[in-house]
Amino acid sequence: MILKKISLRFIFALFATLFSIYLVFLLNSEGAPRILLNLLTFAGIYGLSAIGLNVHFGWTGLLNFGHASFMGIGAYVTLLLMPHAAGREGVVVTTGLPFIAALTLGIIAAALFGLLLGLPAIRLRGDYLAIVTIAAAEIFRLLVRDLESITGGVYGIINYTENFQKYRPSFIDNFSDNLDFSPSQAWVCLAAWVSILFTILFLKRLSNSPWGRALRAVREDEDAVRAMGKNAVWLKLQSFMLGAGIAGLSGVLLAFNYGSLESTVFIPLLTFYVWAIMILGGVGTITGPIFGSIIFWVIISETDRFAYLLFENANGQQLAGVRFLLVGILIMFLMIFRPSGLLGKKEELLLDVK
Amino acid sequence: MSNNLISVKNLKKSFGGLKAVDVHELLFKKGQLTSIIGPNGAGKTTFFDLISGFQNSDSGKVYLNEKDISNSQPYKIARMGMVRTFQLTKVFDRMTVMENLLFSGSNIDNDSFLNSILKLNSQKLYENNLKDKANEIMNDLNIAHMSNSYARELSGGQKKLLELARAIINEPEILLLDEPLAGVNPKLAEDILSLIKKLSESGITILMVEHNIEAVMKISERIVVLAEGSLIADGEPNEIRTDTNVIEAYLGKDDE
Amino acid sequence: MLDQLGNGLLLGIIISVASVALSLLYGVTRIVNFAHGEIIALGAIATLFFSSPLDYRVLFLEKFSPLGLNFAISCFLAIIICGLFGGLLEVLLFRPLRKNEVGNIAVLVVTIGLSIFVRHLYLLFASGRVQNFPLELQRRQTYLFFDMTPRNFKVLIAGIIVMLIVGLLLTYTRLGKAMRAVRDSEELSSVSGINSDNIILLTWIASSMLAGLAGIFQATINDVRWNMGFLILLLIFAGTVLGGIGTSFGAMVGGLMIGILVQVSVGLPFMEGHVEAKNAVALGIMILILLFRPQGLFGKKERIS
């Protein structure tokens, strides 16, 4: 029974993922556990973000190129509602909401931001939303940078990790002692993957529901949906808010992974990473982003190494550029030759929205 | 005042100088089966679009049950009981026939995000009832054997049937059928025609755009003829058959 | 305020030129080219390459000794290079995609991937440093009612002239009419003897050359950066939306207005100390326009999807 569900595609994706993890061990003779944990943490966070983006693009055909700003809203709102220190002076704020409450509000804020952006653009053609989301992400970046009194600007926010780390279970500390990696990162990693699990279950539940059915119909033919008395625009907006909320959660996790947050974190490049991961994993599949994310991060981190070999004289910024060169090529290549990615089905793609 | 279900007054629509629709007054009584015919480009589908909200008119008014629905949004008009089909069938290709029907028949409360997460028993009950209704309709239309197939696997004629089924599972007050017989083989056309007749007899008001004049003559209670966007004839089939304006419009004027 | 008006006109005319280039391409190919910014940057970077030593630390290009060509010739060559680049993009990338009937959304994402790729190529080869054209500094003078350097004034005039020429060409020449025909229907135009592939290729070349020119203008009044294309792309979108997507005239007017808006907003009270965020104001306005009048000033009313 279960065997029937597991397709060849899935097995291949699983194999590719495991192989790339193995590659990490191969190429890093020392410190492998630490590197692997770092990789898995980023993979988890970005994978979650890509799952949110997939709700936008895969489920609903919406072009969102400002995903980083949803992550950013989630992160900033959550952090600012908890005890933290911000700005150049490091002004300390000792009062705040408990972690779960702040997180919930952060996610809701991200969803509301999605509503705000979606309202003008969703009833129009696809490319409009692309432009609006890019513009909004840019506005977000500029506001975060300039409203220093609120967001800490370029100096950012610090001293917030304790709000989350205090819930860290002791078994993690035991493991990390033995295997030499950071317990606080391990906690974030665990949280990320647990979040992914819950999100996937949630989305599967939704997918098999009347709401999920309605969304699929919108994807097929909006006019027919309207002729049946359903508000296609509102359905799309709801989906937009859902994906935004998921992105908000991933943004919070990213903030806790870094330990400090400032205006150069949630930038367009982040959005492009998530897009590459989503396409790689398979547009429209719920679990695709997971595989895409792990493989993507292995590629990215290992090619950094090759970049050093090739371009001896380049400075740090230029080397980072090689990463993005790859991201660009990857996106193009996938979209042209294998838009269904690892797990996606060709027939499921709706790349023809005019 | 009236038993006019739909009233159209001074409805005008042009596309860049080209007049598509220009109807001074058109009234539709409840329960009537009216066919709208006319040569190609007469503006029939545009007329449908205008009264169902899929296009905005340049001027004029449309009333449904005395309520002004001019330029209202299509989904709102559909909720008021006016459901339409399309010239090119718009079935949901990547969903099964059953899902097509379930979606169409499901009311907006059932579809809501909240309900879909909670998955209460009431929803389960509703869905089961809906499934029964869908099965009944599929049986009536002889497409029950395709229930679990993807809609894209259906033949052209079966797609037309599915579109019809979707429209009626809603139990609409008014049905706007846009060329329900287009591209359908004669036997199937007969079946669809008798279905439409049955629906009309059960009280549904039907407006039908059709090119198949023979079929139109057979079942219509009333025929409206549009040419170049304007009304040129309106009456019973026998009157229309011999109306000179109509004959001219279809065959072209003698001196051309 | 008046000074900012002058700056605004300058920025505006540059955005106009770039917007018309984008609009031209969109009009004929229906592609929203997110890599447009990179073609703009190419104009500036190529000019820099020809006219002065590029100060970079990467790869084999170090072997090229500074070319030090005359600035005007460098500009000319750069524009040719941009045209070639655009032509190559069409022939090698977008034409195959079109022949394989790849959907619009896929193509859009491809242009985004392309822009990421090309932009970071620039980073690699031209470095992340801000560089300038080898032109002497000038003092500002008064023209009409604003101050600007003589060179910038020339840019302004040149931009206006280019706009006029493009406008005339589009409206009255056979080529312009052919472009509009292809836009309206590729099938119909091929039936009437217009080779749409050639028209599209020509459009790509023309659009790219215009974009390169805009890049040269921008670098002249500001500087050359690896991501200068990305920075200006959003403003171009804003200008095109404001003017109305699909109309070249709209793009011109919209670009001009956005440029003025951006610079003038610097003078607004709440912008004290946040001069960098002037772009945000223009972008915010763009979003508002989409909310209330999505067809812009001159565009046709778009149906809901």
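Q: Before we look at the sheet, when do two strands count as a pair here?
A: Two strands pair if DSSP finds at least two bridges between them. Keep in mind too that this is a predicted model.

Q: Got it. What's the strand order in the open sheet of chain B?
A: The order is E6-E7-E8-E3-E9-E10 in chain B, an open sheet of 6 strands with mixed pairing.

Q: And which are the edge strands?
A: Those are strand E6 (82-84) and strand E10 (230-235) of chain B, each of which pairs on one side only.

Q: How much twist is there from one strand to the next?
A: The twist averages 15°.

Q: Let's zoom in. Do E7 and E8 of chain B pair in the parallel or antiparallel sense?
A: Parallel, over 5 bridges; E7 covers residues 174-178 and E8 covers residues 205-209 of chain B.

Q: What stands opposite B:Asp178?
A: That's B:Val209, in E8(B).

Q: Which strands does helix H8 of chain B lie across?
A: Helix H8 (residues 186-201) lies across strand E3 (33-37), E7 and E8 of chain B, and runs at about 150° to E8(B).

Q: What about helix H11 of chain B?
A: Helix H11 (residues 244-251) lies across strand E9 (222-227) and E10 of chain B, at about 130° to E10(B).

Q: New topic: how many residues does the contact take from chain A and from chain C?
A: It takes 46 residues from chain A and 41 residues from chain C.

Q: Which element gives the most to the side of chain A that touches chain C?
A: H6(A), with 14 residues.

Q: How do the residues on that side of chain A divide?
A: They divide into 31 nonpolar, 7 polar and 8 charged.

How values were computed: Residues are numbered from 1 along each chain as its sequence is written. Chains are lettered from A and ligands numbered from 1 in the order in which they are written. This is a predicted model: local features need pLDDT of at least 70, side-chain atom pairs count only at pLDDT 80 or more; totals for chains, interfaces and linings use all residues. Helices (H or I, at least four residues) and strands (E, at least two) are DSSP runs, numbered from the N terminus. Axes are lines fitted to C-alpha atoms, for helices over the stretch in contact, and angles run from 0 to 180 degrees between N-to-C directions. Two residues are in contact if their C-beta atoms, placed from the backbone, lie within 7 Å. Ala, Val, Leu, Ile, Met, Phe, Trp, Tyr, Cys and Pro count as nonpolar, Asp, Glu, Lys and Arg as charged, and the others, Gly among them, as polar.
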